[in-house]
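Hi,

Here is the structure I promised to pass on. Please have a look, and then read my notes below.

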Amino acid sequence: MSATTAVFAGLFSALNPRYAAGTRAIAGQIEGAAHYASATGYADWADVAGQIERDHAAGALARPLSLIGHSNGVYAILKIAERLAKAGIEVDYLAAIDKTLKRCPPAGANVKLAHDFYAGLSRVAFADDFPGERKFFDLDKIVGDVGHVEAAQIDFTQRTIVDTVTRLAGGTPADPRSAVEPFYIGEGRRLDDGDFAAMSARHEIPEYLLRAVVQVEAAGKGSHSSGALVFRYELHKAYQFSRGAKRGELVAAGLANPSYKAALAWPHANSYPHLERAAAVAGEELACLASSWGLGQIMGFNHRAVGFDTALAMVRRLAASEADQVEAMIAFIGSKGLKDDLLAGRWDAFARGYNGRAYKANRYDEKLADAAAFWKARLGAGIADEPQPAPPDPGLPPSDPPIAIEAGALTLDRLRALDSGDLRAATRTAADLIKLASLVLDEREASPGKATSQGGRFLPPPPKEQTMGTTLNLKSKTFWVGALMAIAGAAVGILPEGNAIADIARSFYPNADAGTLLTGGLAIIFGREAIAKNGLGK
């Protein structure tokens, strides 16, 4: 495959190999790709741009020309693309992985295809005259909770970039079906209204009760759009179910800990790369046993209670669909002897059995009772004989009666099917909403910086928009909090374990890595929200 590919890792990547692991893996899968790692920045990006210019002038530039960067590496590839634009050289493909907060030039008119992989830090800007194709990938929505460093390490990012370069070079991208998917990825079919009716009939449980339990007890979703099953890896359970040398390896890798408090504070509980590392060390079964899965967050060690011989078999089935995940919830309810309590509406007993003795702290019994009353009013108390359409999930039971037309399911054909009375009611409701929203906005503008009270609910003022151009106030406590955090990140990233300064930094921020501390500190200094998700503030 003939191509020119330059791959740039992020800040500190020359000092800490973990920060370059993702980009190095990408470069290793692309024939002839050059990989660049950095200690503090990329002063040498101009050398790479200069070599591309010389190859182009000599007619020796192999196409496609691909520039790939992660974090601070995105700054390097955007500077290269900017310089090449002045020389009239096109960039066939630009891949930016969770761009640094540092001010970068926009992707210009010479970029033909751009992919922006976003994990919560910053997005790529595009020039007004950008004519190429661009795709934005929100990794949190596609894969799940992804940290800044992990954004370049996950299979989705790597496969998308490598397949794109291969395709542009005239090769054949790897067939995703030929690759062995991770054990936690399946079809991931979403739950629909017919599923509820079918399960109601099959298990002889009124549909309103099933919906109430799912609304209160289930996670917001059971599978991501990639098919990856939602999960939470528990350090203390990994310690409990591991033995001997495997336990020692997990502990040494930070993937097992006997402390429940440590498990609660661990920032990587939803990290797929960490889950895969645990599986690589101690096996997929251990990783499954130590995690909770899907809509009902069923713990892997409960696999027999829900009808599976192994935790791995349970996970693979749950990854197929959210309906399978609700089936597991129903099986778990039956195994705990809670079905009679559910049918009788004994919410104290049900919540105690499902959520544990501390159920009152989160008012699970009250929430279940409220949700059941709401769905019973909507659906009735009977058991469905066959799947029938049901209204969309309304979230929390409303305090006011629902309007005649259902939100979130409007189409032109559906509007045509409504009678004139319903249409007039919908029009009046929309008009009232606009008037009330205008009143609230007027109140906020009239009293900037103050909360607005209306109907017993307090509405905070909208946050002020801040940019990297914010004036630095060296007397501000906020500035020094951010500065100390950034310094701690630099110390943790550069200095080895055992160094006194690094150990002091780690003692202040035990649950955050260097990338999180550095980007979070800079975000605080420059007035941006600290949005890196590797444990900041936990």
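How are H7 and H17 oriented to each other: parallel, antiparallel, perpendicular or oblique? A caution before the answer: this is a predicted model.

Two packed helices are described by the angle between their axes and the distance between the axes. Here, H7 covers residues 207-217 and H17 covers residues 364-379. Their axes come within 8 Å and cross at roughly 140°. Only angles over 145 degrees count as roughly antiparallel, so H7 and H17 are oblique to each other. The crossing is right-handed.

Now the contact itself. On the H7 side you will find Glu207, Tyr208, Leu209, Arg211, Ala212, Val213, Gln215, Val216 and Glu217. They meet Tyr364, Lys367, Leu368, Ala371, Ala372, Trp375, Lys376 and Leu379 in H17. By class, that contact has 11 nonpolar, 1 polar and 5 charged residues.

The model has 2 cavities of 30 Å³ or more. The second largest cavity holds about 40 Å³ of space. Its lining is made of Leu210, Val213, Val214, Val326, Met329, Ile330 and Ile333. H14 gives the most, with 4 residues. The lining has 7 nonpolar residues, with no polar and no charged ones.

Best wishes

Definitions and conventions. Residues are numbered from 1 along each chain as its sequence is written. This is a predicted model: local features need pLDDT of at least 70, side-chain atom pairs count only at pLDDT 80 or more; totals for chains, interfaces and linings use all residues. Side-chain values use heavy atoms; hydrogens and water are left out. Axes are lines fitted to C-alpha atoms, for helices over the stretch in contact, and angles run from 0 to 180 degrees between N-to-C directions. Helices (H or I, at least four residues) and strands (E, at least two) are DSSP runs, numbered from the N terminus. Angles under 35 degrees count as roughly parallel, over 145 as roughly antiparallel, 65 to 115 as roughly perpendicular and the rest as oblique. A crossing is left-handed if the near helix is turned anticlockwise from the far one by less than a right angle, and right-handed if clockwise. Contact means heavy atoms within 4.5 Å. Ala, Val, Leu, Ile, Met, Phe, Trp, Tyr, Cys and Pro count as nonpolar, Asp, Glu, Lys and Arg as charged, and the others, Gly among them, as polar. On a 1 Å grid over the protein atoms alone, a cavity is a set of points where a 1.4 Å probe fits but cannot get out, and a pocket is an open set with protein on both sides within 12 Å along at least five of seven lines; lining residues have an atom within 4 Å of a point. Grid points are joined across faces, edges and corners, and a volume is the space filled by probe spheres set on the points.
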